[in-house]
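Time to open the notebook again. I wanted to look up a few local features and jot them down as I went.

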Amino acid sequence: MSSNIAGVGAPPSPVKPRPDASGRGTSRHQRPARILVVDDEAHVRSMIGVTLERQGYDVQMAGCGREALEALERNAFDLVLTDIVMQDGNGIALLERVHGQQPQLPVVMVTAIHDISVAIDSMRRGAYDYLLKPFEREHLVSTVQRALDHRQALQESHNYQQNLEQVVRARTEMLRQAMEELEHSYDVTLEALGDALDLKDSETEGHSKRVTAYTIALARAMGISPAEIKVIARGAFLHDIGKMAIPDEILRKPGTLNPDEQEVMREHCTRGYQMLRKIPFLSEAAEIVYSHQEHYDGSGYPSALRGREIPVGSRIFAVADTLDAITSDRPYRRARSFDAAREEILRCSGTQFDPSVVEIFLKIPNELWHELRSEITGQNTRFSTFDIASSIPPRPH
Ligand SMILES: [Fe+2]
């Protein structure tokens, strides 16, 4: 026997452990399976030990429950074979300790024929199997092998699950990176669209970026989700993209537009919508482009929507757009202050603007708008809804 618990008194085994030709007795890591045999009768321990060692198993022995627990603390086992009725403690208590601490470690109960009901009860408490004394050596060997196969199957299943979880984690990370790259390429596409409009209508250079930053700040202050803010930001950035379809003589006309020209100019909302709605990642933003000139009281265009019929992103954008328009130079007038913009926006609350958006807007200090404006003026980086969203200070309370 490879070891012997002190005081048990079992004789040393005359047989050296060796795996048989079928590989029986070795675990999947090619070490002999380690079995703890617990019995208070020395001759039973010895018979079991000799039989199992001949099969190539690494057998350790204990004469009582306490010795068994000590052995279990010192070594890792693949199987426990325990007598049910022992002088010092009983096998059921040991079973419950083992099952509670190492649920994957199978326990086979060994008992006399008159303990059959106890043996069956032990199975309900987590024992893998039981052996009735007296038993044939072949029966002992086949029961042990079955229990070890069961343990191996449990371990393989556990390992498989762990591997699977690792694979899922790795794939999720790959997907996240791919989405990030895709998101970046979306932003590059948006930038190209913005550049194209700037070439045609350079008067409002910087306006799209500023109005996008203001819209994001307002949307955050209103408690809108980051995913929805991303859509709204794209709509804000591209709000005038439909002007690409407006003839230059109208778009660049220095004076006031006549009614016919105004009518053509107003088509930019629908033209922008038609351009974007077929692009999957911009289809939701297209709704904001379509309704960015609507007024809260229904006096806007193109559909004279009113109140909450207008998408919330467009209602927020309307305030941000006016804020930037008033505080930016135009060829025919100088920029006015943020306080002047506040007054104008408050004056139009309930007519042009949604009063709930205006209420939130008024709680935001001018410093934030100044900060965003100077940040964008000095910005050489490409447009990114992600970067802008992350640079906005937290919402005011
Ligand atoms: Fe517009």
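My entries on the metal site and some backbone details follow.

Ground rules first: I am working with a predicted model, where local features need pLDDT of at least 70, side-chain atom pairs count only at pLDDT 80 or more, and totals for chains, interfaces and linings use all residues. Residues are numbered from 1 along each chain as its sequence is written, and side-chain values use heavy atoms, with hydrogens and water left out.

Metal site. I looked up the protein donors of the iron ion and found Asp240 (OD), His268 (NE2), His292 (NE2) and Gln293 (NE2), at 2.2 to 2.4 Å. Donors here are N, O and S atoms within 2.8 Å of the metal (3.2 Å for Na, K and Ca); water is not among the atoms, so sites may look incomplete. Helices (H or I, at least four residues) and strands (E, at least two) are DSSP runs, numbered from the N terminus.

Backbone. I noted a cis peptide bond between Lys133 and Pro134, with omega about -5°. Pro134 belongs to the loop between strand E5 (129-133) and helix H5 (137-200). Another cis peptide bond joins Tyr301 and Pro302, with omega about 10°; Pro302 is in the loop between H11 and H12.
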